[in-house]
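Trainee: Hi! Could you walk me through this one while I have it open?
Mentor: Happy to, let's take a look together.

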Amino acid sequence: MSQRAGPTEAITVPFGPDLEKTREELRQLVAAGHAELRVDLADTTEITPSGIYLLLAARHSLQAKTGGRLLLVNLADGPRELLAGLHLEEELGLSV
Amino acid sequence: MAFIEDDETLQAFKEESREHLDGIESDLLAIEEGGANLDHELVNKVFRAMHSIKGGAGFLGLEAVKSLAHAAEDLLNKVRNAELVPTPPVISSLLGAADGLNRLLNQPKGVDAIDIASQLAALHAVLSPPAASTPIAVSPLPTVPPPASAGSAIVDSLLAGHAGAINDARLAGHTIFVLEYDLIHDLEQKGINPLTVLHDLQGIGQMIAVQVDDQAVGDLETEAEAWRLPVHLLYSTLMDKDMLTSFANLPAERTHEIPVQPAPAESTAPEDLAPPSPASPPAPQAAPPAVQSSPPAEATSPAQPSPKPAVSGDDSKAAGADSSIRVNVKVLDNLMTLAGELVLTRNQFLQIVHARDPQDFDTVSQRLDLVTSELQEAIMTTRMQPVGNVFNKFKRVVRDLSQKLGKEIDLILEGGEVEMDKTIIEALTDPLTHLVRNSVDHGIELPGKRKEAGKPLTGTLRLTAFHEGGQVIIEIADDGAGIDTVRLKEKVLSMGTLDKAQLDAMQEHELLRLIFLPGLSTAKEVTEVSGRGVGMDVVHANLSKVGGVFDIASKVGRGTTITIKLPLTLAIIPSLIVTTSGERYAIPQVNMVELVRVPAAKVKDRIENIGSALVMRLRGELLPLIRLDEVLGRSERYYLDPREQQVKTCRRQQIEDRRRLPAGEGATAGLETQGPDGSGARSEAVTEKREQMERRFSPQSAINILVVSVGKFHYGLLVDKLLDSEEIVVKPLGSHLRKCQIYAGATIQGDGRVALILDVVGISKLMNLSSVSDRVRGKGQQESAPLNTDAQSLLIVRNSPSEQMAIPLNLVSRIEKISARQIEITGGRRNMQYRATSLPLFTIDQTAAVAPLNREATHYYVVVFPFGEREVGVMVSEIIDIIRIAVEVDDTTHKQPGIMGSAIILQQITMLVDLFGIVATVMPEWLKHTSLATPEAGTRMTILVVEDSKFFNQQICDFVNAAGYTTFSAMDGVQALGVLDKEKIDLVLTDIEMPNMDGLELTTRIRGDGRWAFLPIIALSSVAGEAAEKRGLKAGVNEYLIKLDREKTIQTINRYLNR
């Protein structure tokens, strides 16, 4: 996937470690009508169940608001392993 | 309560209930679509169906079925009375109930062996919520429901989806559990890493499935305190429940043991269900199949078992829904009548045999023929089912999937009434489901994306079935994103299945077919969601098994259409019977496009040899040809000698005999006696005197070609004779022949002989066929043609407009344009004055059967090249072009003195001119008279040429010979070592890339042997570049030169050999 980004199209958001802050950021981006959210997990070496909850919740909000999609980028081995263990890789769009 | 143990009644009930359920699904979806605008008739219909199932189940004592149907009936009653709007959650619970009933009915043993608590709970949740009577739209994201009821639907789907794995685990002595975690509260907040728990569990048991309850997750508005992340683990282990509970860090109430027998340990059926009582029996109604035995009946019909409605399969106990089939009574009556006719005919036959009266024989034969055909037809109709039976299943698939993916999709079904054989319909279900899912999942874009692309937000998926040419065509068309062949190519390239040249040579439709490549499943790069093409190879294989042929058309941004052509039936197929090498074969007409008969005299015009492949020009297209006898490995070929009317062994290698008709063309008449070294193909007939009635021109030598199709790709199959077209009965091949991919089965013919049925797809695979058009598309494409040949510069020349020739440019010193007046004839030979000497002139047609030089022309071109120590010229009429290409040289078909072979260049068969050969043939004495070429034993230096391409080997030998050296040639390193062992070699010229032993290894070996440690080795390669040169020098070559750089090669040889 090319790294194209436009103001109302795809936008990349850094993830964590403050989940409440990330939630707020995601909430604002969804409200702004972005169709594609790319959550950048470059700095996330381990993800908690709450973190996963936040990703799923963001996807719900995004779908309800714009019908858009959520992509995870720069996924490290730790988070990837847990998402795979929970069979969530297909649920959450992964972009390598 | 099960006072009826009658298996037949139970089977009848199951079959009928399944039909009800089949109908219910599509009806429920229609009700959902209607929303508040209730279609009362439809709701009544579903209500009656549930009521019938409930009644029958009660009668037969099937408690679980009864209670589930009862609950569904209650809910439908509320919908009917407008107390409840059929919102998606309501319909989902009803669909869930229908699913549960289906599973119950498909149980091979007792029908109560499945836990239906979850479906019941779902129904009751909808039936009695706090505000159930207020018709409000239920939010698709329920807010944090209590764990037990939220999870039960998931538990159910987990159990249903992994029945096989559960069984396997039980067989291994494992107990099955469903562990219900809330990852946030049970683990995270207690500081436990979920991965550790997963790993620990996997260490002492088997994780069958994991399901996160996505529905329990809210959205970004949900405050952190309310966050829950429920996960269900379907898990098998040897531990008991107590041990597992403590091990898994989980409260006992959320560790559910899944019992083997019906009585569920954790959750039993609710008590509010009416006690079992004899109720009305099942009544057939509105069954979807086209054939239906009785009219719809009201559910409260008198209590008496309905007649067994089906022509039962051989195993009435089989669990599957497809072991029996409903047949219209009229069809049965017709069958009975025909059976009666058959008996009558048999009696007549017996009478004839008894009376030995041959006169009546014909009449009875005709009658038998008629009755048999009608009987066959009637029986086939019992097997025919409407495609709609499969199509209707997709409403649910598309609904569920599009809801899950957040897409809006309009499913349009057309041609559901088209009928096909039951076997094909069954085989079709799974592959079609897969294709539909693929279209929904990967084809149609999310609404946001569609909006951007200027498409309607709602995507369209269209399934169409129709008849065409005795086949059924099924199209699955979406208006989604289409398949991006560029990405597809990248993916295939990265998989290493095909190389770039192969991919570049592919046409669009061939590229699209790459999605059927095995292993193209996890193509995340292609689709970014999950593997597009998951199991597409399996889809392809399964459909091919029932004779399905695929085509794909796709436009990026516009959508994809997959077309499947299927035979109507598999048991009896119309076929053409052909013979080859004396054996009969059947070819299904489905695969045939047309028959082409090429008269003997036209063969040379229409059939050509490209590389080693035969092709035919058919209406401007090149059609690859395959000889059936070659496919079958029959080395002996026969033909009927037209003069002697005898069958003789055919020794002819080339079918496209390039020789001309004996009469009329004076210019070539004499040629056929030339060429003492003519190849095998020529020599057969060259010495024979030509007659008009000879084999090449006899009508019996006409060539029969069956043009067959593999999808959009066509090829021609050469057979000896075409016999009849027949309807053949397909018999499967024995297991020992199953692996022969060229046969699809066998059939027994009227005379008792067996004919094998050919599989045209298998044959094309076996022969590695590809569309020829790619190979001859043009100059641009040609340069990327086969990698195993070496590129070189060619001078394209012509003597006549129809015949193209090529001269290797690096053999040429100069090209001169001369006026016809400059040519002088001295001593019967052409010469011209040239740079103060006399330049001998030759023409190609002096030695080769090619069009002669245009004698009327005022100007000619002279190709000047060195021959020994002198220069000579070859005249041609026209210079067309100089091109650098890689060609595959056919060095047999056109080989003759002066022509070293042929190749396809610029879409034309082009003869490669052997300049050296022309002069050597016309003036053999020059070879002796050149001082270089007078070998005095021991004085002439010897060079070993090692090169795997015959063409290049010949070229190199020629110019090295011309420079006054004796050459030995070897085709690879192994042969070269053999020559070195036997002969005294002064220098080695070697190619690098060769089979068996390449040039580098050869060099290493030579250097490693004391005898040849100082032997000069010159590497000739088409691979230029420093790295390649370094490798060569490292291995021990003295010089690294570019192949066919004639001057430099000779200079270098001279330098090393001190000349």
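**Where the chains meet**

Mentor: Let's start with a salt bridge: the side chains of R59(A) and D214(B) meet at 2.7 Å, N to O. Keep in mind that this is a predicted model.

Trainee: How many salt bridges does the rule find across the interface of chain A and chain B?
Mentor: The rule finds three across that interface.

Trainee: And how many residue pairs are in polar contact between the two chains?
Mentor: The count is 13 residue pairs, with both residues at pLDDT 80 or more.

Trainee: Which elements of chain A supply at least two residues of the side that touches chain B?
Mentor: Those are α1 (19–31), α2 (49–65), α3 (77–85) and β4 (93–95). The one that gives the most is α2(A), with twelve residues.

Trainee: How do the residues on that side of chain A divide by type?
Mentor: There are 16 nonpolar, twelve polar and twelve charged residues.

Trainee: What about the overall numbers for the contact?
Mentor: Chain A brings 40 residues to the contact and chain B brings 36. Between them the chains bury about 3,400 Å², and 59% of that is on carbon and sulfur atoms.

Trainee: Switching to chain A by itself, what is the order of its elements?
Mentor: From the N terminus on, they run β-α-β-α-β-α-β, which gives three helices and four strands. Chain A has 96 residues, and 52% of them count as buried.

Trainee: What share of its contacts join residues at least 24 apart?
Mentor: Taking contacts in chain A between residues at least 6 apart in sequence, the share is 69%.

Trainee: Now chain B. Where does D972(B) sit?
Mentor: D972(B) is in the loop between β39 (966–970) and α31 (973–982) of chain B.

Trainee: Last one: why is helix α28 of chain B largely enclosed by the rest of the structure?
Mentor: Because six of its eight residues, which span 915–922, are buried. The buried ones are L915(B), F916(B), G917(B), I918(B), V919(B) and A920(B).

Conventions. Residues are numbered from 1 along each chain as its sequence is written. Chains are lettered from A and ligands numbered from 1 in the order in which they are written. This is a predicted model: local features need pLDDT of at least 70, side-chain atom pairs count only at pLDDT 80 or more; totals for chains, interfaces and linings use all residues. Side-chain values use heavy atoms; hydrogens and water are left out. Contact means heavy atoms within 4.5 Å. Buried area is the accessible area (1.4 Å probe) that two parts lose on being put together, summed over both. A salt bridge is a side-chain nitrogen of Lys or Arg within 4 Å of a carboxyl oxygen of Asp or Glu. A polar contact is a pair of N or O atoms within 3.5 Å; within protein, one must be able to donate a hydrogen and the other to accept it, and residues adjacent in sequence count only if both atoms are side-chain atoms. Ala, Val, Leu, Ile, Met, Phe, Trp, Tyr, Cys and Pro count as nonpolar, Asp, Glu, Lys and Arg as charged, and the others, Gly among them, as polar. Buried means under 20% relative accessible area, exposed over 50%, partly exposed in between (1.4 Å probe, protein chains only).
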